[in-house]
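Visitor: I have a protein model open and would like to go through it with you. Can we take it piece by piece?

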Amino acid sequence: MRILLAHTSLSGNTRDVAHAIRAHCEASAHAVTWVDVDTRTLAQDCPHVAGHHLYVLGSWSINAGRTPPEMKRFIADLVDAVGKPEHVAVFGTGETQWGEEHYCGAVRRIARFFDSPYPRLEIEQMPHGHRDAARIRAWTDHILTSVGTLHEDDQRHLAR
Ligand SMILES: Cc1cc2nc3c(=O)[nH]c(=O)nc-3n(C[C@H](O)[C@H](O)[C@H](O)COP(=O)(O)O)c2cc1C
């Protein structure tokens with residue numbers, strides 16, 4: 001499968017999670033297009049946006065659970081390029097000390113915007129030890145398995 005993996009990260013927590021997801025996708029023989037939206041644009045790193053089977057977006061949260069401007073810009077570019085893709089999975093990091101109701105708010109907002117059919121992965125601060133590594137692996141396995149099944153459903157629907 002071809003996977004577009006885009007993330008924003010101020011202090012590295014979300015980048016660590018993104019790297020772990022990428023490593024797991026590549027270890028499972030999937031091709032990953034990597035976009036660090038803080039320094040790169042969609043056009044620079046991904047001229048052929050359509051044709052990805054899965055879009056994986058990762059974000060930290062800012063200002064009462066909002067989405068950082070760099071990720072908002074990337075999402076606007078993505079929607080301009082291909083509309084809202086069906087297969088978008090969202091992950092991110094946050095801190096409960098900013099208020100339970102705002103915890104990982106950007107992850108929830110992005111998932112809602114794309115009407116994501118996948119579970120969200122939310123990690124408090126930086127990923128720690130075996131437990132978070134196992135959560136990231138299990139989440140990545142789950143979305144990789146689900147996307148295959150959902151694409152098969154799409155094909156069956158089209159064949160009707
Ligand atoms: C100005 C500011 C506002 C923040 N607001 C929130 C928030 O509303 N909700 C939340 O979950 N985390 C909030 N955080 C915490 C970060 O999202 C969290 O530390 C995250 O892991 C940072 O990820 P990064 O290392 O990838 O930049 C805020 C952090 C900063 C600096």
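Visitor: Which residues of H4 are buried?
Guide: In this predicted model, the buried residues of helix H4 are Gly-105, Ala-106, Val-107, Ile-110 and Ala-111. Buried means under 20% relative accessible area, exposed means over 50%, and partly exposed is in between, with a 1.4 Å probe and protein chains only. Helices (H or I, at least four residues) and strands (E, at least two) are DSSP runs, numbered from the N terminus.

Visitor: And what covers those buried residues of H4?
Guide: The cover includes S3, H3, S4 and strand S5, which spans 121–124. Just after H4, Asp-115 takes a positive phi of about 50°.

Visitor: Before we go on, how should I read the numbering and the values?
Guide: Residues are numbered from 1 along each chain as its sequence is written, and side-chain values use heavy atoms, with hydrogens and water left out. Because the model is predicted, local features need pLDDT of at least 70 and side-chain atom pairs count only at pLDDT 80 or more, while totals for chains, interfaces and linings use all residues.

Visitor: Okay, where does Pro-117 lie, and what does it contact?
Guide: Pro-117 lies in the loop between H4 and S5, and at 47% relative accessibility it counts as partly exposed. Leaving aside neighbours within four places in sequence, Pro-117 is in contact (heavy atoms within 4.5 Å) with Glu-86, Val-88 and Leu-150.

Visitor: Let's switch to the inside. How many residues are in the largest nonpolar core?
Guide: That core has 21 residues, and Leu-4, Leu-57 and Phe-74 have the most contacts inside it. A nonpolar core is a set of buried Ala, Val, Leu, Ile, Met, Phe, Trp, Tyr and Cys residues joined through side-chain atoms within 4.5 Å. The elements giving two or more residues to this core are strands S1 (2–7), S3 (54–60) and S4 (88–94), together with helices H3 (69–82) and H4 (105–113). The largest share, 4 residues, comes from H3.

Visitor: Last topic, the ligand: which residues come nearest?
Guide: Of the 20 residues around the ligand, Ser-9, Leu-10, Ser-11, Thr-14 and Glu-95 come nearest, where being near requires a heavy atom within 4 Å. An oxygen atom of the ligand is 2.5 Å from an N or O atom in the side chain of Glu-95, and a nitrogen atom of the ligand is 2.9 Å from a polar backbone atom of His-102.

Visitor: How much of the ligand does the protein bury?
Guide: Taken alone, the ligand exposes 640 Å², and the protein buries 87% of that, with areas computed by the Shrake-Rupley method with a 1.4 Å probe.

Terms used
A polar contact is a pair of N or O atoms within 3.5 Å; within protein, one must be able to donate a hydrogen and the other to accept it, and residues adjacent in sequence count only if both atoms are side-chain atoms.
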